[in-house]
Amino acid sequence: MPRYTLLTGDFYILYPDLPNSGPQPDGDTISFLPDNDDIVLGLPRFSGMWPDRKHLGTYSVRFEGIDALETHYLNRHQNLEFAEAARDELLTRVGFTGVQFIQGRPNNVASADVHPMRGHIMANGIESNGRILGLVYPGPYPGPETDGEHVFVDEPKLDASVNAQILALGLAYAELYSTMPLDLIAHMRGIITKARTGGEGFWSKEAVTTTATVLLNDLSSLPDLVMFPKLYRRLVKYFEDGNVGLGNFDTWVRADPVGRDDRALLPTGEVGNLHDLFEVDPAGGIRLRFPPEELMFDPDPA
C-alpha cells in the first residue's frame with residue numbers, strides 16, 4: 001500500500017513581511033506553504049505531535065532519510081564548508097537562484113531571483129518536532145495523481161528526490177527511521193556507501209569514524225569536525241550542561257531515553273539505542289562502533 005501523500009505548494013526561504021525573522025533553510029530543512037492545509041492536518045503523526053503551522057501558514061519540512069551538517073544548531077555550527085555547501089545545493093536543486101543572505105545574519109535570506117518557488121513533497125507524516133517528514137521535489141508533480149492522493153515511491157522516484165541527490169553528493173549522512181519503507185532504506189544505504197567509497201563531498205574529511213578516534217574536551221573542539229549530526233547535537237548539549245571531557249558522556253546520553261538515547265535497530269539485529277553507536281575510551285576519545293546508516297531509529301514515543 002502506498003505510504004506517501006502528495007503535497008503540492010510553494011517553498012519559502014524568506015518572509016517578505018518579516019525580512020529579519022524569516023525561515024533559516026539548511027541542508028535538510030525548508031519551509032513549505034501547502035495548497036491545501038487540510039492534507040497536512042490529516043498526515044500520520046508518528047510521535048503524536050500536531051503539525052507546527054508557522055508564519056503565513058507555512059510548515060517546516062524535514063528531508064526524510066538525511067541529516068546534513070548543522071549550520072546554526074543552538075547558535076553553533078559544524079564544519080561550515082560542508083554545512084553551507086549542503087544548504088546551497090539544496091536551494092539550487094529546489095529551484096532557487098540568486099540567493100542572497102542578510103549581512104551579519106548569515107542564516108537569513110535577504111532575496112532570491114524568484115520567490116516563492118513551486119514544488120511538491122511526498123509526505124510520509126509529521127515527525128516529533130511537528131515538521132512534515134518527506135521527500136522533496138522541485139516544480140509541479142509529473143504523475144497522474146493529484147494533491148492529497150497516495151503515491152507509491154519506488155527507487156527511481158526516490159533517486160529523483162532532492163534528499164537522495166544531496167546524499168549522493170556526500171553532503172549529508174543518512175539518518176534512517178523505521179517509518180521509512182524498508183526497500184527505500186536499503187536503497188539509501190546503497191547511495192551513501194557509493195558516496196563514501198568514492199570520497200564524495202565531506203567523506204574524506206570525516207573525523208569520527210569506526211577507525212578514527214577524536215579527543216573532545218569542550219565545545220571548542222566541535223565546530224570544524226565532520227561527524228554524524230545526531231551525535232554532534234548530543235555533544236553540544238552535553239558540553240553546554242557544563243561537562244568537561246567525555247568521561248560522563250555515555251551516562252549522560254543513557255539518562256534520557258527519549259530526548260537523547262534514541263531507540264534503534266542495530267546492524268546486529270538487536271534492539272538497542274543511540275549509545276550503541278559510539279564508544280568512549282579511557283583517554284577521552286570517541287569513535288563509532290557502526291556507520292550511522294546501519295542503524296534504523298524509531299520515532300520518539302507519543
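Predicted model: local features only at pLDDT ≥ 70, side-chain atom pairs only at ≥ 80, totals over all residues.
Is strand β2 largely enclosed or largely open? Count along residues 29-34: 5 of the 6 are buried, so β2 is largely enclosed by the rest of the structure. Here, buried means under 20% relative accessible area. While you have a strand on screen, here's a handy thing to know: side chains in a regular strand alternate between the two faces of the sheet.

Zooming in, β11 and strand β15 (residues 285-288) run antiparallel and are joined by 2 bridges. Val214 is the one to click on, as it stands opposite Ile286 in β15.

While we're in that area, have a look at Glu279 and Arg287. Their side chains meet in a salt bridge, at 2.7 Å from N to O. Glu279 is partly exposed, with a relative accessible area of 32%, and Arg287 is partly exposed too, at 25%.

How many salt bridges does the structure hold? The count is 21. Some of them share partners, and that links Asp28, Arg62, Asp67, Glu70, Glu175, Lys230, Arg233, Arg234 and Asp262 into one network.

Here's another pair, Asp88 and Arg87. They form a salt bridge in which the closest N and O atoms are 3.0 Å apart. Is Arg87 buried or exposed? Arg87 is buried, because its relative accessible area is 4%, which is under the 20% cut-off. Asp88, on the other hand, is partly exposed, with 34%.

Now on to a second open sheet of 3 strands, ordered β13-β12-β16, again with antiparallel pairing. At the edges you find β13 (271-273) and β16; each has a single partner strand, so one side of each lacks a neighbour in the sheet. β12 pairs with β16 in the antiparallel sense over 2 bridges, and in β16 the bridge partner of Leu265 is Met296.

There's a salt bridge around here as well: the side chains of Arg263 and Asp298 meet, at 3.7 Å from N to O. What does that pair tie together? Arg263 lies in strand β12 (residues 263-265) and Asp298 in the segment after β16 (296-297), so the pair ties together parts that are 35 residues apart in sequence. Arg263 is partly exposed at 48%, and Asp298 counts as partly exposed at 27%.

Let's go out to the surface for a moment. Asp154, Glu155, Asp159 and Asp183 gather there in a patch of negative charge. Of these, Glu155 is found in helix α3, residues 155-159, and Glu155 is partly exposed, with a relative accessible area of 36%.

The peptide bond from His115 to Pro116 is cis, with omega near -5 degrees. Pro116 is found in the loop between β6 (105-111) and β7 (117-126).

Then there's Leu56, which isn't a glycine but has a positive phi, near 65 degrees. Leu56 lies in the loop between α1 (37-41) and β3, and counts as partly exposed at 40%. Asn75 has a positive phi of about 65 degrees too, and it isn't a glycine either. Where is Asn75 found? Look in the loop between β4 (66-67) and α2 (80-94). Asn75 counts as exposed, because its relative accessibility is 78% and the cut-off for exposed is over 50%.

That's my tour, thanks!

Notes
Residues numbered from 1 in each chain as written. Heavy atoms only, no water. Patch = residues over 30% accessible without salt bridge, like charges linked within 9 Å, V, L, I, M, F, W, Y side chains within 5 Å. Areas by Shrake-Rupley, 256 points an atom, 1.4 Å probe, with all protein chains shown as cover. Salt bridge = Lys/Arg side-chain N within 4 Å of Asp/Glu carboxyl O. Lys, Arg positive; Asp, Glu negative; His and termini not counted. Charge placed at Lys NZ, Arg CZ, Asp CG, Glu CD. Helix = DSSP H or I, 4+ residues; strand = E, 2+ residues; numbered from the N terminus. Buried < 20%, exposed > 50% of the residue type's maximum accessible area, 1.4 Å probe, protein only. Pairing = 2+ DSSP bridges.
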